[in-house]
Amino acid sequence: MSLNGTMQCTLFDEQGKCTAVVAVKKTMASLSLVGCVFMILIIWAFSKYRLFVQRLILYLTISAFFSSIGHLMASIKPEGPVCTFEAFWLTFSDWAVLLWVLIITINLYLNAVMMKSTEKYEILYSAIVWGFSLFMACIPFIGNHYGPAGAWWWYIPLFLLIGVMFIMYIVIVYKVNHQSGLWQGTYNPDQERQRDMLKEYVRPLKVYPLIYLVLSIFPLINRLQNAFSKSDEPVFVLSLLHAASSPLQGLINALVYGLDPDTRSRLTWLQIKALVNKRSAHQPIREYPLVPAPETPDLEDVGMFTMKPYPTKAI
């Protein structure tokens with residue numbers, strides 16, 4: 001920050017360009033933050049987290065939520081503790097988003113291509129994503145490689161992972177379309193089992209890797225231009241598109257999730273009203289002291305109802 005309180009621009013010669021890039025990024029991040037909150041509330045309110053595929057979506061949403069917070073903190077200013085923390089947080093959260101998308105892609109491949117159930121790998125998935133994301137975010141502290149633009153070097157493995165995801169996604173789409181073409185004619189138990197697996201595990205997840213791949217186009221182009229350009233100043237239009245698309249993961253995911261038929265069927269007035277009534281009518285379980293049961297009197301001691309022998313007269 002300069003002495004008069006204005007932001008010092010380190011990317012462009014014109015202060016207005018820096019202001020525009022930061023404003024666009026924070027606007028998109030705010031919308032994504034709202035989208036992430038919407039998805040988390042829907043998954044929690046309707047207990048969708050009981051399904052494995054919905055938990056994978058939830059983990060991706062939490063990562064996008066963290067990423068949106070990081071983009072909201074974004075600013076273009078000289079190096080310092082705040083800038084370093086922003087770069088660390090963005091590196092951690094962006095790696096988490098990338099790895100959860102990769103996990104979803106691998107999970108889709110195992111379900112659609114290999115016809116393998118993967119719910120047992122949930123804990124392993126979580127350990128890999130959060131542990132590796134933290135590891136990658138801590139590496140730049142060795143040698144103090146964090147700067148105003150973050151740790152750009154991690155885009156090299158990012159390129160490789162996106163390429164792998166793209167190839168796997170093509171295989172998945174081909175396999176799903178091929179299986180759909182086979183589901184015609186006489187009844188086949190194996191084909192019905194495959195149909196059920198694709199319906200339960202593949203279809204709810206298949207769009208999220210595509211969203212990430214599309215949103216990665218402009219950031220990758222901008223990073224490549226920055227790496228190979230002889231000019232010290234980046235291209236303003238590319239920087240603007242980069243700033244607009246990078247934080248959009250949460251927002252686009254929320255739009256797709258909200259358009260899902262199952263979600264739309266739940267977002268009706270009657271469903272929401274029933275959910276509110278159910279939540280508000282929930283009563284906590286209380287404990288009551290045990291009282292010994294009263295003893296049952298004998299039949300002959302019941303007062304006026306006591307049964308006595310009827311007197312008889314001798315004949």
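A salt bridge is taken here as a side-chain nitrogen of Lys or Arg within 4 Å of a carboxyl oxygen of Asp or Glu. The legends below describe a predicted model, in which local features need pLDDT of at least 70 and side-chain atom pairs count only at pLDDT 80 or more, while totals for chains, interfaces and linings use all residues. Residues are numbered from 1 along each chain as its sequence is written, and side-chain values use heavy atoms, with hydrogens and water left out.

**View 1. The salt-bridge network of R55, E119 and E122.** The structure holds two salt bridges, and R55, E119 and E122 are linked in a network of such bridges. In one of them the side chains of R55 and E122 meet at 2.7 Å, N to O; this pair links distant parts of the chain, with R55 in helix α2 and E122 in helix α4, 67 residues apart. Helices here (H or I, at least four residues) are DSSP runs numbered from the N terminus, as are strands (E, at least two). In the other bridge the side chains of E119 and R55 meet at 3.4 Å, N to O, and this pair too links distant parts of the chain, since E119 belongs to the loop between α3 (81-112) and α4 (122-138) and R55 to helix α2 (residues 52-72), 64 residues apart. Burial is judged by relative accessible area, with buried meaning under 20%, exposed over 50% and partly exposed in between (1.4 Å probe, protein chains only). R55 and E122 are both buried, R55 with a relative accessible area of 16%, whereas E119, at 35%, counts as partly exposed.

**View 2. Helix α1 and the residue S47 that follows it.** Helix α1 covers residues 15-45, and its 31 residues should span 45 Å at 1.5 Å a residue, which agrees with the 45 Å between its end C-alpha atoms; the expected span is 1.5 Å times one less than the number of residues. Just after α1, S47 takes a positive phi of about 55°, in a residue other than glycine, and S47 lies in the loop between α1 and α2.

View 3. S32 is found in helix α1 and counts as buried because its relative accessibility is 0%. Apart from residues up to four places away in sequence, S32 touches S68, P247, L248, Q249, G250 and L251, where contact means heavy atoms within 4.5 Å.

**View 4. S246 in the loop between α9 and α10.** S246 is found in the loop that joins α9 to α10 (249-259), and its relative accessible area of 23% makes it partly exposed. Leaving aside neighbours within four places in sequence, S246 is in contact with H71 and P219. The C-alpha atoms of S246 and S216 are separated by 7.2 Å, although these residues are 30 residues apart along the chain.

**View 5. A nonpolar surface patch.** The residues L210, V214, I217, F218, I221, V235, V237 and L241 make a nonpolar surface patch of about 610 Å². The elements that give two or more residues to this patch are α7 (207-215), α8 (217-228) and α9 (236-245), with α8 giving the most, three residues. Patches are made of residues with over 30% relative accessible area and no salt bridge, like charges being joined within 9 Å and nonpolar side chains (Val, Leu, Ile, Met, Phe, Trp, Tyr) within 5 Å; accessible areas come from the Shrake-Rupley method with a 1.4 Å probe, and for residues only the protein chains shown count as cover. V214, one of the patch residues, lies in helix α7 and is partly exposed, with a relative accessible area of 47%.

**View 6. M115 in the loop between α3 and α4.** M115 lies in the loop between α3 and α4 and has a positive phi of about 55°, although M115 is not a glycine. With a relative accessible area of 16%, M115 is buried.

**View 7. The cysteines C36 and C138.** C36 counts as buried at 0% relative accessibility, whereas C138, at 34%, counts as partly exposed. With a disulfide taken as a pair of cysteine sulfur atoms within 2.5 Å, the count comes to zero disulfides.
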